[in-house]
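Please have the sequence and coordinates open while reading.

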Amino acid sequence: METRIDEIADGIYRLSTYVPDIAPPAGFTFNQFLVLGDEPLMFHTGLRRMFASNCEALARILPPAKLRWIAFGHFESDECGAMNEWLAAAPQATPAHGQTGCMVSLEDFSTRAPRILADGEVIELGGGKRVRFIDTPHTPHGWDAGVLFEETTGTLMCGDLFTQLGDGPALTANDVVGPAIAAEDMFRYSSLNPAMGTTIRSLACLAPRMLALMHGPSFEGDGASALRALADDYDRRVSDEVAEMLRAAA
Ligand SMILES: [Fe+2]
Ligand SMILES: [Fe+2]
């Protein structure tokens, strides 16, 4: 298992592990993001079984013991499975997550007390970096779901939103909406809900210049337009599901 490293924005690194056995022949990537600063933060911990590979990769950028924050989008193995391994490797690190996730999972699961982030709360990382946590409940899935926005670089670490197959380049300016629609058609991974389009569309006001996908390349370009287009597609899906339900009930 090999973990590749790319600097996708000033001081933000993408650690990417490609798994060819998931959804072959395209395969699937698992990405983590390291945000440097006086208090370095990692977004996503990766799976427990990927810890050795991810830790070795991170150590090429900075000693893992220097990590100060461990954050993620929602409680699942690829997002936070290796959290306690990272906390052991980084004695000064604190896990950080939204209020729901801390209440229902982290306050029990984590070996160290988490920092509980309110919707919109900022962690000042120093060194010109600040990250804002934004609640996105049930979007794309998970009651505790949220995203993290690094304000200086305009990087939205959007977790499973825009998930796509394949092992593309670290950075792309190509369309990321079409591949995300195709992956949703294949996996049906989202918790379709009436608020989903509105939740995704609300992220467009951040005007992100970079969308850092957990499963796919990082998209450099007009993040707001991509978010609005994705929101429109989820509105369509929800409408289609409701129409189908009404048809079946008639
Ligand atoms: Fe997920
Ligand atoms: Fe994920």
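The points below concern a predicted model and are grouped by topic.

**Helix α7**
- Helix α7 spans residues 223-249, a total of 27 residues.
- From the first C-alpha of α7 to its last the distance is 39 Å, close to the 39 Å expected at 1.5 Å a residue.
- The buried residues in α7 include Gly223, Ala226, Leu227, Leu230, Ala231 and Tyr234.

**Sheet**
- Seven strands form an open sheet with mixed pairing, in the order β8-β9-β10-β11-β13-β14-β12.
- β8 (122-126) and β12 (171-172) each have a single partner strand, so one side of each has no neighbour in the sheet.
- Three bridges join β11 and β13, which pair in the parallel sense.
- Opposite methionine 157 stands alanine 212 of β13.
- α7 packs on this sheet through contacts with β11, β13 and β14, and its direction makes about 55 degrees with that of β13.

**Nonpolar core**
- The largest nonpolar core holds 62 residues.
- Leu41, Leu156, Cys158, Leu211, Ala212 and Leu230 have the most contacts inside this core.
- Leu230 is also one of the buried residues of α7.
- Beyond its neighbours within four places in sequence, leucine 156 contacts Val147, Phe149, Leu203, Leu206, Pro208, Met210, Leu211, Ala212 and Gly223.

Key: Residues numbered from 1 in each chain as written. Chains lettered and ligands numbered in written order. Predicted model: local features only at pLDDT ≥ 70, side-chain atom pairs only at ≥ 80, totals over all residues. Helix = DSSP H or I, 4+ residues; strand = E, 2+ residues; numbered from the N terminus. Expected span 1.5 Å × (residues − 1). Buried ≥ 20, exposed ≤ 12 C-beta atoms within 10 Å, placed from the backbone. Pairing = 2+ DSSP bridges. Contact = placed C-beta atoms within 7 Å. Axes fitted to C-alpha atoms, helices over the stretch in contact; angles between N-to-C directions. Core = buried A, V, L, I, M, F, W, Y, C linked by C-beta atoms within 7 Å.
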